[in-house]
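Open the model in your viewer and keep the selection tool at hand. Each stop below tells you what to pick and what you will find there.

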Amino acid sequence: MELFVFAVALLSSLARAGINVIDRWQFAYQNESVVKLSFLNNFLPVTLGIAVITVLGEVNLLVNLIFTIEVCMLGFIVQMVAMIFSYAFKTYHIYEISLISKISDVSIPVFLGVLTGIFNLTQLLFQLLSLLICIPFLVTINFFDARKIIYVLLIIFGLTIQAIGSFYLVGSMPQQQNFGELIIFCVGIIFWRTVWLTPLYLHSTKSHFTFSCPSYLTLLRVFLTFVTQITFVYVISLIDSMLAIPILNLTGFFSILMANYFMSEKATRDVMVVIVLTLFLCLLSIYV
């Protein structure tokens, strides 16, 4: 069971990394609108998901699930974090955001531990050591700069709230009995993400819907959105989800590798050494 949880968490991390690279490319290099593209990235999968669920005759289950406060709140939190990262990717390199995100690797288990009374001191120690290794490089990218510190605080706040919100909101929902119900649950989350984005989208398009044929890259992004949402919700909903957190924290590492391979953003050798060290500490924390 643990091996399967790790595998699903790894798939979630890889899919999220793929989304990060696509977002960086579309928002920074192609100067796409964050609001318009974010809306499309949610509108397409939720439309497809609702259509499939309707064909399968599970509309009642979908409706009963969508109109719950838990799914509504979770959709808002997930979309809030997605928007924070989208605007951050428009401005900063992937390796910079990945290094900044390392701070949340410590804040998440600390706050979850305070709220639940359960601390994994070994994992927390490894995460703290990993953060300390990154501190010199955080200083070199001037993350104390007035403009950057805003993104730093927003990223840390967003990731921490998402982890806490997912832990409680998903945990309070009836456990998904099969893969089909899990998909319906995720479609519900994406539905609310679309709802929260709609006012911003209408404002950006002067109060009317516009539609153009999405690019292959956008379609790939839509697919990865589905994969990320399903795998993340599945892992977080498990009782032993804390075991998967180190794997989920590898997203930044995979993002940097993909950016190195698919884009011209080459992280320096020193940054790669730091990333490898933090990866080693992450994997070590699982087995110690």
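Begin with Leu-61. This residue is partly exposed, at a relative accessible area of 35%, a value between the 20% limit for buried and the 50% limit for exposed. Bear in mind that you are looking at a predicted model. Leu-61 belongs to helix H3, which covers residues 59-66.

In sequence, 120 residues separate Leu-61 and Glu-181. In space, their C-alpha atoms are 8.5 Å apart. With neighbours up to four places away in sequence left aside, Leu-61 is in contact with Glu-181 and Ile-184.

**Zoom out: the whole chain**

Switch to a cartoon view. How many helices and strands does the protein have? There are 12 helices and zero strands. Read from the N terminus, the order of elements is α-α-α-α-α-α-α-α-α-α-α-α.

Next, colour by accessibility. The protein has 288 residues, and 55% of them count as buried. The accessible area is about 14100 Å², and carbon and sulfur atoms supply 73% of that. For contacts with a separation of 6 or more, 86% join residues 24 or more positions apart.

Start with helix H4 (residues 69-91) and helix H5. H5 spans residues 94-116. The H4 and H5 axes are 9 Å apart, at an angle of about 135 degrees. The pair is therefore oblique. Show side chains where they meet. From H4 come Phe-85, Ala-88 and Phe-89. From H5 come Ile-94, Ile-97 and Ser-101.

Keep H5 and bring in helix H6, residues 121-140. Here the packing angle is about 155 degrees, with the axes 9 Å apart. H5 is therefore roughly antiparallel to H6, since the cut-off for that label is an angle over 145 degrees. The crossing of H5 past H6 is left-handed.

Now pick out the residues at this contact. On the H5 side they include Leu-99, Ile-100, Ile-103, Val-106 and Val-110. Lys-102 and Asp-105 of H5 also take part. On the H6 side, look for Leu-124, Leu-128, Leu-131, Cys-134 and Phe-137, among others. Gln-127 and Ser-130 of H6 are there as well.

**Select Asn-31: a loop stop**

Asn-31 sits in the loop that links helix H1 (2-29) and helix H2 (34-55). Check its backbone. Asn-31 has a positive phi, about 55 degrees, yet it is not a glycine. Is Asn-31 buried or exposed? Its relative accessible area is 58%, so Asn-31 is exposed.

**Select Thr-218: a buried threonine**

Go to helix H9, residues 216-237, and find Thr-218. Its relative accessibility is 3%, so Thr-218 counts as buried. Which side chain makes a polar contact with that of Thr-218? The partner is Gln-26, at 3.2 Å. Beyond the residues up to four places away in sequence, Thr-218 touches Gln-26, Leu-37, Leu-40 and Asn-41.

**Last stop: Thr-194**

Thr-194 is found in helix H8, residues 179-204. At 8% relative accessibility, this threonine counts as buried. Display what surrounds Thr-194. Apart from neighbours within four places in sequence, its contacts are Phe-39, Asn-42, Phe-43 and Val-46.

Terms used:
Residues numbered from 1 in each chain as written. Predicted model: local features only at pLDDT ≥ 70, side-chain atom pairs only at ≥ 80, totals over all residues. Heavy atoms only, no water. Helix = DSSP H or I, 4+ residues; strand = E, 2+ residues; numbered from the N terminus. Buried < 20%, exposed > 50% of the residue type's maximum accessible area, 1.4 Å probe, protein only. Polar contact = N/O pair within 3.5 Å; in protein donor to acceptor, adjacent residues only side chain to side chain. Contact = heavy atoms within 4.5 Å. Areas by Shrake-Rupley, 256 points an atom, 1.4 Å probe, with all protein chains shown as cover. Axes fitted to C-alpha atoms, helices over the stretch in contact; angles between N-to-C directions. Parallel < 35°, antiparallel > 145°, perpendicular 65-115°, else oblique. Left-handed = near helix turned anticlockwise from the far one by under 90°.
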